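Work through the exercises below with the structure open. Try each task before reading its solution.

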Amino acid sequence: MEQSGLLFDDAAHEFSAESALTTARLEYSAPTGRGLGPYPIRWRTHVGFSWLLPTENSDPFGVIELGGGFDFMTNHDLPWVDGLSVGGAVFVGGDARGWGVGAGVVF
């Protein structure tokens, strides 16, 4: 069916994909003994493992993630927020290799 030159039924979108993922993560956090004025800084590190379970069309593989970062605690000076966070991680496994960086809010 065609309307206004646009095709509404595209065969490229007629497929199904299934996957199953199991993830484990261990995180540790502790004070650095330093701060920005009255605001303490905490460090954190984590290790994670994700296992993509096999399906009819794929082999199983796992990805290991190692990361860390810093939490800048706000002493509740911001409403509903305990702190601000920055961090990064590297991951390897299967055919996957990469890194990531991020920022977030600590609740």
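**Exercise 1: The strand around Val-90**

Val-90 stands opposite Trp-99 in E7. This is a predicted model.

Task: Find which residue is the bridge partner of Val-90 in E6, and describe how E6 pairs with E5 and E7.

Solution.
- Step 1. Start with E5 (residues 61-73) and E6 (residues 83-93): they pair in the antiparallel sense over ten bridges.
- Step 2. Leu-66 has Val-90 in E6 as its bridge partner.
- Step 3. Turn to E7 (residues 96-106): eleven bridges join E6 to E7, and the two run antiparallel.
- Step 4. Look at the connection. E6 and E7 form a hairpin with two residues between them. Gly-94 in the turn has a positive phi of about 60°.

**Exercise 2: Confidence**

Task: State where confidence is lowest and where it is highest.

Solution.
- Step 1. The mean pLDDT of the protein is 85, and 79% of its residues reach 70 or more.
- Step 2. Strand E1 (residues 2-3) is lowest, at a mean of 52. E6 is highest, at 95.
- Step 3. Where pLDDT is low, the predicted coordinates should not be read in detail.

**Exercise 3: Aromatic pairs**

Task: Classify the two aromatic pairs of the structure.

Solution.
- Step 1. Tyr-28 and Trp-43 lie 5.6 Å centre to centre, with 55° between the planes, and the pair is tilted.
- Step 2. Tyr-28 is in strand E3 (residues 20-36) and Trp-43 in strand E4 (residues 39-53), 15 residues apart.
- Step 3. The ring centres of Phe-49 and Trp-51 are 6.1 Å apart and their planes are at 25°, so this pair is stacked.
- Step 4. Check accessibility. Tyr-28 counts as exposed at 51%, whereas Trp-43 is partly exposed at 30%.

Key: Residues numbered from 1 in each chain as written. Predicted model: local features only at pLDDT ≥ 70, side-chain atom pairs only at ≥ 80, totals over all residues. Heavy atoms only, no water. Pairing = 2+ DSSP bridges. Helix = DSSP H or I, 4+ residues; strand = E, 2+ residues; numbered from the N terminus. pLDDT = per-residue confidence, 0-100. Phe/Tyr/Trp six-rings, centres within 6.5 Å; stacked < 30°, edge-to-face > 60°. Buried < 20%, exposed > 50% of the residue type's maximum accessible area, 1.4 Å probe, protein only.
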